[in-house]
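Please read the following note with the sequence and the model open beside it. Each numbered point may be checked against the residues it names.

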Amino acid sequence: MDGNSSDFDWDTEDELEIENYSPPYSSGVMHPYEEAVVASTETNSVVSPSCKTIDHFVGMGFSKELVTKAIEENGDENTNLILETLLRYPVKDSSLPSSSNSKVIDHFIGMGFSEKLVTKAIQENGEGNTDSILETLLTYSALEKSPAKQHIDSDHSSDMEGSLMEDFSDSDSLYETEETINPDSDEESRLLFLTKMGYTEEEASAAIERCGPDSTIAELTDFICAAQMAKASDSLFPLEVYPRPKPSCNDELKHKKRRFDNDLWKSKKQIRLEMNGDEEALHLPNPMIGFGTPTDPCHVANRILPESAMGPPYFYYENVALAPKGVWSTISRFLYDIQPEFVDSLYFCASARKRGYVHNLPIENRFPLVPLPPHTIHEALPLTRKWWPSWDTRTKLNCLQTCIASAKLTDRIRKALGLHDGEPTPSVQKFVIHQCKKWNLVWVGRNKLAPLEPDEVEMLLGFPKNHTRGGGISRTDRYKSLGNSFQVDTVAYHLSVLKDMYPQGISVLSLFSGIGGAEVALHRLGIPLKNVVSVEISEVNRNILSSWWEQTNQKGTLIHIEDIQHLDDNKIEHMMNHFGGFDLVIGGSPCNNLAGSNRHHRDGLEGKESSLFFDYVRILDTVKRFSSSR
C-alpha cells in the first residue's frame with residue numbers, strides 16, 4: 001500500500017495562531033485514514049469470517065455487510081488490509097445488492113458527516129466518485145462554523161467529541177510551532193477556491209502570502225474577513241488625532257473629587273479602531289525573540305521611549321501576538337506609541353506561547369529564573385521517552401490551551417495503531433501527528449496517547465506544583481485558568497530588571513490577574529511583594545491567588561477587586577495615598593475577541609471582552625497622572 005497516495009492533506013496550522021479546523025471525527029470510523037489505494041492485492045479464497053474480526057470492525061463504525069465483504073476478499077488474518085479495503089470501498093459496487101444514492105449517503109453519514117453536507121457533496125460530484133465526495137466533505141467541514149464552546153470536566157470527558165475545539169478563552173491557536181505537515185500544498189488551487197467563494201484575487205493572494213502556503217482554507221477566509229473588518233473601520237472613523245491627557249499639577253488634580261477628563265476619554269474610545277489609510281499591520285518577527293532571550297541576549301543597544309511613557313510607575317501589557325489586522329497598531333498607539341515586544345515562549349520552555357508585550361521597562365541587564373526550565377518535551381516529561389515512536393519528531397509542545405482531547409479520540413488512536421505490528425502507514429502517522437499537535441498529546445504507553453495533566457501544564461507554564469490544585473477547584477477550572485495565564489519564565493525575564501530597583505519591596509496594581517502569573521514571577525525573582533491590588537473577575541482565580549499568597553507566607557498586603565470597570569479614579573487615588581503609589585501596573589486584557597480560534601466573535605478591540613483593554617489604558621493613565629502630582 002502506498003501511504004503517500006492520500007488525496008487529502010491533514011494540514012497542521014502554521015505559526016499564525018489561527019485554528020478552527022475540526023474534521024468531523026464525532027462518530028463512526030476515523031475517516032482520516034481514507035486514501036486512494038492503488039491496485040488491490042489478489043483476492044484470497046473465500047473464508048469463513050471470524051466473529052471476533054467482524055465485531056472489531058463493526059465496533060469501529062463499519063456496517064456488518066461491508067466488513068463481511070472485505071474479509072471475504074482479504075481473509076481475516078490481515079487486519080491492516082481489511083481496514084484499508086473498508087476505507088477505500090467504492091460504495092457503488094455491483095457485487096452488493098444495492099448501491100443507490102441512499103446507500104452512498106448512509107456511508108458518509110456513518111463516517112460522521114451530516115446528511116445535508118453529504119447530499120450537497122454528492123450533487124456536486126456524482127455518487128460514483130467517492131474520493132471527490134470525501135474531499136468536498138472535508139472542505140465543507142473546514143469552512144463550517146464551529147459549534148458552541150465546550151470545556152472538559154473529568155466526569156464528562158468521554159462525552160465530549162474530539163473535534164470540538166473552538167471559542168477558546170486563550171487565543172492562540174492550536175498550532176504554535178514552526179513545523180508543518182503539508183509543505184507541498186497547492187497554492188494555485190487555494191487561490192482558485194477562494195475566488196470561487198467570492199473573494200477577489202487580490203484578497204486571496206494577500207491572504208496566502210500573509211498566512212503562508214500551508215494555511216488552511218479556514219485560516220485564509222478568516223484572515224480576509226479580519227482585513228475587511230479593518231478596512232471597513234477605516235471608512236467609519238475620521239482620521240483625526242486626539243491628544244493624550246497630559247499630567248498636570250494644578251489644583252484640580254489635588255482635589256479629592258478630581259476625575260478623569262470624561263469628554264476626552266469618550267473621544268478616545270470613539271476612534272479606538274481608527275486606522276491610518278496607509279498603515280500596514282505590524283509584522284511578527286521570525287524568530288520571535290523580542291529584545292532577546294536568555295540564550296540570545298539583547299541586540300538592541302537602547303530604545304527610545306516617549307517622555308510621557310517613562311517610568312516609574314512602570315507598566316507591562318500582554319496579549320496574543322496574532323490578532324486581527326490593526327489591533328496591535330491600536331494597542332501601541334494607546335500605550336504611548338511603544339512598539340510591542342513579540343516573544344514566543346518556546347525559547348524559554350518546552351511549549352510555544354506567542355505573545356506581544358508593550359511595556360516601559362528597561363531592556364538591559366535582564367536575567368532568567370533559575371533553575372532554567374526544561375526546554376524539550378523529553379526534558380520536561382522524561383517518562384514519555386520510553387514510549388515515544390521515532391516517527392513522532394516533536395521536541396516542543398504547542399500552545400497550552402483551555403481544553404483537552406476527549407477519551408474517545410485517544411481510544412480511536414489506540415485502536416487504529418493496534419492494528420499495525422510495526423510502524424503504521426504514512427497516512428496513519430500523519431493523522432496521529434496532526435492530532436498530537438492539535439491537542440498536545442504525549443505518549444504514555446505502547447500505542448497509547450494522553451493529554452497533559454494539570455500538574456504538567458503548571459510545570460510547563462512555570463507555576464509551582466499544585467498551584468491550581470485543591471480548594472474545591474475542578475479539573476475543568478484548572479485547565480481553563482492555566483490556559484489563560486502568563487508563561488511565568490517569559491514574564492519573569494522581562495520583569496527581572498526591577499529586582500535592583502525595589503530591594504525593599506514593590507507595590508503592584510495587577511489588572512486581569514488570573515491565577516497570579518505576575519505575582520509568582522516577581523516572587524520567584526526574589527522581589528518582595530509589599531502591596532498587591534489584584535483585579536480579577538473570576539472567583540476561582542481569586543481563590544487560587546489567595547491560596548498561593550498564604551502558602552508562600554507573603555508578608556505584604558493583598559487586596560482583591562472583582563470588576564475592573566468598578567475601579568474608578570476615587571478608588572485609585574485612595575489606594576495610592578494609602579500605599580504611597582504603585583510601582584508597577586501589569587496585566588493582559590481578555591483575548592476572546594482577538595484569538596483566531598474564536599471565530600464567532602472575532603471583533604477585535606470592539607468585542608465585548610477584548611474592549612476591556614481600554615479600561616487598562618484608562619487606569620494606567622490615571623495612575624500616571626496621580627503619580628506625577630505627588
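1. **Basis of the note.** This is a predicted model, in which local features need pLDDT of at least 70 and side-chain atom pairs count only at pLDDT 80 or more, while totals for chains, interfaces and linings use all residues. Residues are numbered from 1 along each chain as its sequence is written, and side-chain values use heavy atoms, with hydrogens and water left out.

2. **Cis peptide bonds.** Pro312 and Pro313 are joined by a cis peptide bond with an omega of about -5 degrees. Pro313 belongs to the loop between helix 11 (262-270) and strand 1 (314-320). Helices (H or I, at least four residues) and strands (E, at least two) are DSSP runs, numbered from the N terminus. A cis peptide bond also joins Val370 and Pro371, with omega at about 0 degrees. Pro371 is placed in the loop between strand 3 (354-359) and helix 13 (377-380).

3. **Positive phi angles.** Asp337, although not a glycine, has a positive phi of about 60 degrees. Its place is in the loop between helix 12 (327-334) and strand 2 (341-344). Is Asp337 buried or exposed? With a relative accessibility of 51%, Asp337 counts as exposed; the term requires over 50% relative accessible area, whereas buried means under 20% and partly exposed lies in between (1.4 Å probe, protein chains only). Asn440 is likewise a residue other than glycine with a positive phi, near 55 degrees, and is found in the loop between helix 15 (426-439) and strand 4 (442-445). At 6% relative accessibility, however, Asn440 counts as buried.

4. **Helix 5.** In helix 5 (residues 115-125), the residues Leu117, Val118, Ala121 and Ile122 are buried. Seen down the helix axis, these buried residues fall within an arc of 135 degrees, so they line one face of helix 5; the arc is that of the directions from the helix axis to the C-beta atoms. An α-helix has 3.6 residues a turn, so residues three or four places apart point the same way. Glu115, Lys116, Gln123 and Glu124 are exposed on the other side of helix 5. Just after this helix, Gly126 takes a positive phi of about 85 degrees.

5. **Helix 17.** Within helix 17 (residues 475-483), the buried residues are Thr476, Arg478, Tyr479, Ser481, Leu482 and Gly483. They pack against helix 16 (454-461) and helix 20 (539-551), where contact means heavy atoms within 4.5 Å.

6. **Cysteines.** A disulfide is a pair of cysteine sulfur atoms within 2.5 Å, and by this rule the count is zero. The sulfur of Cys591 lies 9.0 Å from the closest cysteine sulfur, in Cys399, which is too far for a bond. Cys591 is buried, with a relative accessible area of 9%, and Cys403 is buried at 7%.

7. **Cavities.** The whole structure holds three cavities of 30 Å³ or more. On a 1 Å grid over the protein atoms alone, a cavity is a set of points where a 1.4 Å probe fits but cannot get out, and a pocket is an open set with protein on both sides within 12 Å along at least five of seven lines; lining residues have an atom within 4 Å of a point. Grid points are joined across faces, edges and corners, and a volume is the space filled by probe spheres set on the points. The second largest cavity has a volume of about 120 Å³. Of its 12 lining residues, Gln401, Cys403, Ile404, Trp439 and Asn440 lie nearest its centre. The lining divides into nine nonpolar, two polar and one charged residue. Here Ala, Val, Leu, Ile, Met, Phe, Trp, Tyr, Cys and Pro count as nonpolar, Asp, Glu, Lys and Arg as charged, and the others, Gly among them, as polar.

8. **Largest pocket.** The largest pocket contains about 960 Å³ of space. It is lined by 44 residues, of which Asn484, Glu536, Ile537, Asn541 and Pro590 are the closest to its centre. Which helix gives the largest share of this lining? Helix 17 does, with four residues. The lining comprises 14 nonpolar, 17 polar and 13 charged residues.

9. **Ile564.** Ile564 is situated in the loop between strand 8 (557-561) and helix 21 (569-579), and is buried at a relative accessible area of 5%. Its C-alpha atom is 7.8 Å from that of Ile537, 27 residues apart along the chain. Leaving aside neighbours within four places in sequence, the contacts of Ile564 include Leu511, Phe512, Val535 and Leu612.
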